[in-house]
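Me: I am new to this structure and would be grateful for a close look at a single part of it. Please set that part in the context of the whole chain.

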Amino acid sequence: MDRENLHLTLHKKWFDEILSGKKKFEYRDIKPYWTKRLFDETGKPINYKRIIFRNGYSKDCRKMIVEFLGVSIMDNKYTIKLGKIIEAMNL
């Protein structure tokens, strides 16, 4: 199943590390909420086109769009592989 965007909110530290290119993976706990967002009903990973990261919840917060390269399970966490930064806004 393909979808356009995965929306994720990050703390400043993690946002900055992705923006700088230092952080290449984003991690989420294996919980029903994340399972439903990352996998379809049959257990197949959802193939998003991109990830929209927000640094906070305000209307004018910093945002960036990053290429989505897939999801796997490592060290008892969902591991989202990040590609190139497509666009960064409100920096």
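In which loop is Leu10 found?

Reply: Leu10 is found in the loop between strand 1 and helix 1. The model under discussion is a predicted one, and every value below was computed from it.

Leu10 is buried, because its relative accessible area is 6%, and the cut-off for a buried residue is under 20%. Leaving out residues up to four places away in sequence, Leu10 touches Phe15, Ile18, Glu26, Arg28, Phe53, Arg54, Asn55 and Gly56. Between Leu10 and Lys24 there are 14 Å in space, taken from C-alpha to C-alpha, for a separation of 14 residues in sequence.

Phe53 is among the residues with the most contacts inside the largest nonpolar core, together with Leu6, Leu38, Ile51 and Ile80. This core has 19 residues. At least two of its residues are supplied by each of strand 1 (2-9), helix 1 (12-20), helix 2 (32-38), strand 3 (47-55), strand 4 (62-74) and strand 5 (77-89). Strand 4 gives the largest share, namely four residues. In soluble globular proteins, nonpolar side chains tend to be buried together.

Leu38, when its neighbours within four places in sequence are set aside, is in contact with Leu6, Lys44, Pro45, Ile46, Val71, Tyr78 and Ile80. Of these, Leu6 and Ile80 are also listed among the core residues with the most contacts. Ile52, for its part, is placed in strand 3 and counts as buried, because its relative accessibility is 15%. Apart from residues up to four places away in sequence, Ile52 touches Asn5, Leu6, His7, Leu8, Met64 and Ile65. Its C-alpha lies 11 Å from that of Phe15, a residue 37 positions away in sequence.

Most residues other than glycine have a negative phi. Asp75, however, has a positive phi near 50 degrees, and the phi of Asn76 is also positive, at about 60 degrees.

Two helices and five strands are present, and from the N terminus on they follow the order β-α-β-α-β-β-β. The C-alpha trace spans about 40 × 25 × 25 Å along its principal axes. The radius of gyration is 13 Å, which agrees with the value near 12 Å that a compact globule of 91 residues would have. Of those 91 residues, 34% are buried. Among contacts with a separation of 6 or more, 61% join residues 24 or more positions apart. The accessible surface amounts to about 6,000 Å², and carbon and sulfur atoms hold 53% of that area. As for charge, the mean position of the 20 positive charges and that of the 12 negative charges are 3 Å apart.

Notes. Residues numbered from 1 in each chain as written. Predicted model: local features only at pLDDT ≥ 70, side-chain atom pairs only at ≥ 80, totals over all residues. Heavy atoms only, no water. Core = buried A, V, L, I, M, F, W, Y, C linked by side-chain atoms within 4.5 Å. Buried < 20%, exposed > 50% of the residue type's maximum accessible area, 1.4 Å probe, protein only. Contact = heavy atoms within 4.5 Å. Rg over C-alpha atoms; globule rule 2.2 N^0.38 Å. Areas by Shrake-Rupley, 256 points an atom, 1.4 Å probe, with all protein chains shown as cover. Lys, Arg positive; Asp, Glu negative; His and termini not counted. Charge placed at Lys NZ, Arg CZ, Asp CG, Glu CD.
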